[in-house]
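I opened my notebook to look up a few geometric features in this model. Here is what I wrote down, in the order I looked.

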Amino acid sequence: MGQYDFTTRPNRLKQFTYKWQSSEDNPDLLQLWVADMDFLPVPEIKDAIVAYGQEHIFGYNYFKDSLYQAVIDWEKSEHGYEVKKEDISFIDGVVPAISVAIQAFTQKGDAVLINSPVYYPFARTVRLNDRKLVENSLSIQNGHFEIDFEQLEKDIVDNHVKLYIFCSPHNPGGRVWSEAELKKIGELCQKHGVILVSDEIHQDLALFGNKHHSFNTVDHRFIDFAIILSSATKTFNIAGTKNSFAIIQNPKLRKKFQRVQLANNQHEVPTIGMITTEVAFTHGKAWLEELKKVIEKNINYLSDYLEENTKIRVMKPEGTYLVWLDFSAYGIEQPQLDEKLQKEAKVVLNDGAHFGNEGKYFARLNAATPFETIVEASRRIASVFSKK
């Protein structure tokens, strides 16, 4: 037994929770899709929110020095990344920050590159900002996603790519990119004058002995063209409190980013997001260490069970709590696959096709839930997708 309770699954039907909304009318459905966790909150965060409710007037607040310091200390202690207060821009989410970066560093019609499959707001945001979307396909090698660097350079050159939105660690594949891979990416961006936006929101969730390398720690030269986006929200399950941050060490890029942020009136975040972020980074380390062990146990069980009882191929993540499941052996592609999962297995996963054309035979499963839920979900999936 650890210090924290990761066995109780809160009743989220009473919380108008997006993830569990369809279970309000169909309580038999197990919700394993939206990337938030079904665990009790970090006690110190809950206490801080209660204290805020009891003690505060709910007016405008400023960013305290102690909030900046909490981010600075966390980045240094956890990722060896030394940043200064002036490098940090707070914003209410990583996805909004991607929009700001697209608007700040490209013009309408400019080419913006992503690796596909990838977190679906990447492609949506590029298209809605009237930029040209360039999709560089990842390949599955050695049980995980890899980048074809020859094709990546070709895609950059042929399309005159101005901005590259990179997901590190990768969602939905759970890939924790190596230093060598990150170095190759940085060198290509440097060679061809590409600005890189690195979404590192899952940076604290490296698993099974893997280590996340924040992009700018790989080579100091990369700070000239890189924007690092991260948050405490995924790590500590506080997405609803809305606070993320951009680290931009190049003053010219930072000025452009902040100008568009101000033009969009995105320079403020909720006070509750400031509070939860500071408390999480100050007091959450022990909770996080226990959490990762729980997630590893869940992933190991799910992977072993499905491998033994089904023809589903499991991409075992190196980081994140997200598991990419390959159903191609059954010849059922999305959206029929999604319908079969929900109606027959009564399990709700993410439709893999939403992450790119490469995902039409896939689904994404969220393993951040008590172990008993993973056992039940594994059983349900295997009862519908047998080895026969």
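**Entry 1: second largest pocket.** Grid points are joined across faces, edges and corners, and the volume is the space filled by probe spheres set on the points. I found 13 lining residues, with Tyr-4, Phe-6, Thr-7, Val-294 and Lys-297 lying nearest the centre. Helix H11 (285-309) and helix H13 (371-384) each give two or more residues to this lining. H11 has the largest share, four residues. By class I noted six nonpolar, two polar and five charged residues. For the classes, Ala, Val, Leu, Ile, Met, Phe, Trp, Tyr, Cys and Pro count as nonpolar, Asp, Glu, Lys and Arg as charged, and the others, Gly among them, as polar.

**Entry 2: ground rules.** A reminder to myself: this is a predicted model, where local features need pLDDT of at least 70 and side-chain atom pairs count only at pLDDT 80 or more, while totals for chains, interfaces and linings use all residues. Residues are numbered from 1 along each chain as its sequence is written, and side-chain values use heavy atoms, with hydrogens and water left out.

**Entry 3: largest pocket.** I read off a volume of about 1,200 Å³ for the largest pocket. Its lining has 45 residues, and nearest the centre are Asp-36, Asn-237, Ile-238, Ala-239 and Gly-240. Helices H1 (43-55), H3 (94-105), H4 (121-128) and H8 (233-236) are the elements that give two or more residues to this lining. H1 gives the most, with four. Which domains does the lining draw on? It takes at least three residues from each of domain 1 and domain 2.

**Entry 4: the two domains.** The chain is divided into domain 1 (21-43 + 285-385) and domain 2 (59-282), with bounds from an automatic or database domain assignment. Their centres, taken over C-alpha atoms, are 25 Å apart. Across the interface, 32 residues of domain 1 are in contact (heavy atoms within 4.5 Å) with 31 residues of domain 2. The domains bury about 2,800 Å² between them, 60% of it on carbon and sulfur atoms. I count buried area as the accessible area (1.4 Å probe) that two parts lose on being put together, summed over both. Met-315, Glu-318 and Phe-355 supply 26% of the area that domain 1 buries against domain 2, more than any other three residues.

**Entry 5: a four-stranded sheet.** I followed an open antiparallel sheet in the order S11-S12-S15-S14. Its edge strands are S11 (313-315) and S14 (350-351). Strands are DSSP runs (E, at least two residues), as helices are (H or I, at least four), numbered from the N terminus; two strands pair if DSSP finds at least two bridges between them. S11 and S12 (322-326) are antiparallel over three bridges. Arg-313 has Asp-326 of S12 as its bridge partner.

Entry 6: The peptide bond from Ser-168 to Pro-169 is cis, with omega near -5 degrees. Asn-171 and Pro-172 are also joined by a cis bond, with omega about 25 degrees.

Technical notes. On a 1 Å grid over the protein atoms alone, a cavity is a set of points where a 1.4 Å probe fits but cannot get out, and a pocket is an open set with protein on both sides within 12 Å along at least five of seven lines; lining residues have an atom within 4 Å of a point.
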